[in-house]
Amino acid sequence: MINLIGNELKKIFKKKTIYILLIITLAYILLMNIMIKVTDDGYSYHYYYEGDIEYYESMLESLNPQNASELSDYINYKTQVELLNLTKEYGNESWQAFVINSMLTSDINTIVAHEYSDEITEEAYNEAKTAYDTAIERMDADDWKYFVNMDLEEINSSLEEQYNQKEIVKDSQALASIEDTIYNLELQKQIDEWRLDKNISYAPSFLNDQLQSYYGYQSTVHQYENSKIEELNPEERQDYQTSLEQASLARYYLENNISLDNNGREIFLTLFNNYELFILIIGIVIAGSIVSDEFNKGTIKLLLVKPYNRIKILLSKFIVCLLILVLTIVFIAVCQLVVGSIVFGFDSLTTPAIFYNFDTNRVETMNILAYVGLIGICKMPIYILLTTLAFACSTLFTNSALAIAVPFLGYMSAAFINQLALVYDIKQIIYFVTPNWDFTYYLFGGTPLFDGLTVLFSLAICLIYLLIMIVVSCVVFKRRDIKNI
């Protein structure tokens, strides 16, 4: 068997196809890293784009503020022009840009409206003008904490009002609404307190993004936890777990003041998402041609006259396909490791992988290489089954094109099949391979796609499909007549 495997490997590495595919893969890895390096603009939010001011000014020219039906649109467009000019003055990447667009819109709108409409009282105008002038003064002084403290004052005032309402209200539905409002206000308060404590300004940054992520995901977690978790369908449970995971990670980054700004690390962590197609292309192309090429070239007769039985010959080819699959993954991982380190710096792997473990209900860390290896193990059933399908088609039909096309069709339609089963609640889908072959769903206590799925069940289903394809291939190959080939 070892000799057979060695001979098959020699045959494969004599083919130009394998080297062409590896070169294309390496080129893609290089291109992807360089493009991300060149196009990455950090954490800028783009409140202002070139051409926006010209657009709104052109809209203003087409409107007449003296016309009552056009006045509202005119004021809104004029407000946008003022906001954009002010944002342009401070820059998209400044903390002032956030304040301008989130805290000054109402005041600027009031100031603009006062100029064209009699509906804005002098008192409202003076109040807005004072707030605007103070904001400009604080922004020029680089005092972002002023706005955080101002927001905290408003939140505390709103909380006091809500707590007073809670004491009065007796209706359960109204009480639930008040409690939701209190929860969101407390969440906003926590964000502001973190911002002050960790010295995180409104300027675009990793930790500033985590503040916003925490608020959004924790709000979703709260909504789910207000309902009965056990009554959620699998799709809702996955959304709940994703929100819980992201909220917990954001909290961990903020509490430990961890800033992850290295794209090389992120690309390596998502290695299988980024390069899965290339893993499958190489695996499927080799498996889809390894048997059929022997028939098409007529070399199968020379192979079968050797002192080995047909099953050993076929299994040696299959083992070689699996070896090529593993070697491809190692090749891609090493290439990304080297290219990522060169493009983004050699410190890209110093920070460990950080993830949420649903089994322990806490954030944990793991060596980055071990983490990627674990993800790879959980993804292997997909790659092995599709490679085996290509190998089986190559053996059954001796047609390389068909043997390569069928697995890719299965791979591309897998998500559609699973989604269709979810939409129409087709429970029998759990006996099909596509909901079972991705074991990353089970990793760290995750939720599978469908009810009734477990690790052992999915493993059994994958093994059954694998054995069926191998056994059928062996039976057909053993009985095939090669006299007329």
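F318 counts as buried, at 8% relative accessibility (buried means under 20% relative accessible area, exposed over 50%, and partly exposed in between, with a 1.4 Å probe and protein chains only). This is a predicted model, in which local features need pLDDT of at least 70 and side-chain atom pairs count only at pLDDT 80 or more, while totals for chains, interfaces and linings use all residues. Residues are numbered from 1 along each chain as its sequence is written, and side-chain values use heavy atoms, with hydrogens and water left out.

F318 sits in helix α16, residues 310-344 (helices, H or I with at least four residues, and strands, E with at least two, are DSSP runs numbered from the N terminus). Leaving aside residues up to four places away in sequence, F318 touches T388, F391, L466 and I470 (contact means heavy atoms within 4.5 Å). F318 and E8 are 310 residues apart in sequence, yet their C-alpha atoms are 9.8 Å apart in space.

I12 belongs to helix α1, residues 2-14. At 2% relative accessibility, I12 is buried. Its contacts, not counting residues up to four places away in sequence, are I18, I286, I290, V320 and I324. Between the C-alpha atoms of I12 and Q210 there are 48 Å, with 198 residues separating the two along the chain.

Q218 is part of helix α10, residues 206-226. Q218 also counts as buried, with 15% relative accessibility. Apart from residues up to four places away in sequence, Q218 touches Y183, L187, S213 and A247.

## Aromatic pairs

The structure holds 22 aromatic pairs (rings of Phe, Tyr and Trp, the last by its six-membered ring, pair if their centres lie within 6.5 Å; planes under 30 degrees apart count as stacked, over 60 as edge-to-face and the rest as tilted). One of them joins Y74 and Y116 edge-to-face, at 5.1 Å centre to centre and 70° between the planes. Y74 lies in helix α4 (residues 68-90) and Y116 in helix α6 (residues 105-116), so this pair ties together parts that are 42 residues apart in sequence. Y74 is buried at 11% relative accessibility, whereas Y116 is partly exposed at 25%.

F439 and Y442 form a tilted pair, with 5.7 Å from centre to centre and 50° between the planes. F439 is buried at 10% relative accessibility, and Y442 is buried with a relative accessible area of 14%. Elsewhere, ring pairs link Y28, Y275 and F278 into a cluster.

## The chain as a whole

The protein chain has 19 helices and two strands. Its radius of gyration is 31 Å, well over the 23 Å that the globule rule gives for 485 residues, so the chain is more spread out than a compact globule (the radius is taken over C-alpha atoms, and the rule is 2.2 Å times the number of residues to the power 0.38). The C-alpha trace spans about 100 × 55 × 50 Å along its principal axes.

Of the 485 residues in the protein chain, 43% are buried. Among contacts with a separation of 6 or more, 74% are between residues 24 or more positions apart.

## Charged side chains

The protein chain carries 33 positive and 59 negative side chains, and the centres of the two sets lie 28 Å apart. Lys and Arg count as positive and Asp and Glu as negative, while His and the chain ends are not counted. Each charge is placed at NZ of Lys, CZ of Arg, CG of Asp or CD of Glu.
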